[in-house]
Amino acid sequence: MRLDKFLKVSRIIKRRTVANDACDAGHISVNGKVARASYDVSVGDVIEVAFGERRLTVKVTDVKETVGKNDASSLYEVIS
């Protein structure tokens, strides 16, 4: 699954276009490297998202095309 779609499905970022823009601006990194929106996310990847001063680091535990609002957080584990 594409990185921008994973960020939207997991509800880390609310809209796919916003996720795409964040990737283009270099605010998203996967496994320590700045990633493009087209990066193919797999289980075990560590994603770091920079929200201004705040940083969110998560580890991907599952990849699903669709998931309910209440189950979205089951796709990742928060590291910091």
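The radius of gyration is taken here over C-alpha atoms, and the rule for a globule is 2.2 Å times the number of residues to the power 0.38. For the 80 residues of this protein, a compact globule would have a radius of gyration near 12 Å, and the value of 11 Å agrees with that. The model is a predicted one, in which local features need pLDDT of at least 70 and side-chain atom pairs count only at pLDDT 80 or more, while totals for chains, interfaces and linings use all residues. Residues are numbered from 1 along each chain as its sequence is written, and side-chain values use heavy atoms, with hydrogens and water left out.

Along the principal axes, the C-alpha atoms fill a box of roughly 30 × 25 × 20 Å. Buried residues (under 20% relative accessible area, against over 50% for exposed and in between for partly exposed, with a 1.4 Å probe and protein chains only) make up 38% of the 80 residues. The accessible surface, from the Shrake-Rupley method with a 1.4 Å probe, comes to about 4900 Å², and carbon and sulfur atoms hold 46% of that area. Contacts are defined by heavy atoms within 4.5 Å; of those with a separation of 6 or more, 35% join residues 24 or more positions apart. There are 14 positive and 11 negative side chains, and the centres of the two sets are 4 Å apart. In this count Lys and Arg are positive and Asp and Glu negative, whereas His and the chain ends are not counted; each charge is placed at NZ of Lys, CZ of Arg, CG of Asp or CD of Glu.

Helices (H or I, at least four residues) and strands (E, at least two) are DSSP runs numbered from the N terminus. The protein contains two helices and five strands, in the order α-α-β-β-β-β-β from the N terminus on. Strands are taken as paired if DSSP finds at least two bridges between them. The five strands form an open sheet with antiparallel pairing and the order β2-β1-β3-β4-β5. The edges are β2 (33-34) and β5 (76-78), each of which has a single partner strand, so one side of each has no neighbour in the sheet.

Within the sheet, β1 pairs with β3 (residues 46-51) in the antiparallel sense over three bridges. S29 belongs to β1 (residues 28-30) and stands opposite E48 in β3. S29 counts as buried because its relative accessibility is 14%. Leaving aside residues up to four places away in sequence, S29 touches V34, A35, V46, I47 and E48.

The pairing of β3 with β4 is also antiparallel and spans six bridges. V49 has L56 in β4 as its bridge partner. Two residues lie between the strands in the hairpin of β3 and β4, where G52 takes a positive phi near 65°.

V58 is found in β4 (residues 54-60) and, with a relative accessibility of 1%, counts as buried. Beyond residues up to four places away in sequence, V58 touches I12, D45, V46, I47, Y76, E77, V78 and I79. The C-alpha atoms of V58 and G68, which are ten residues apart along the chain, are separated by 19 Å.
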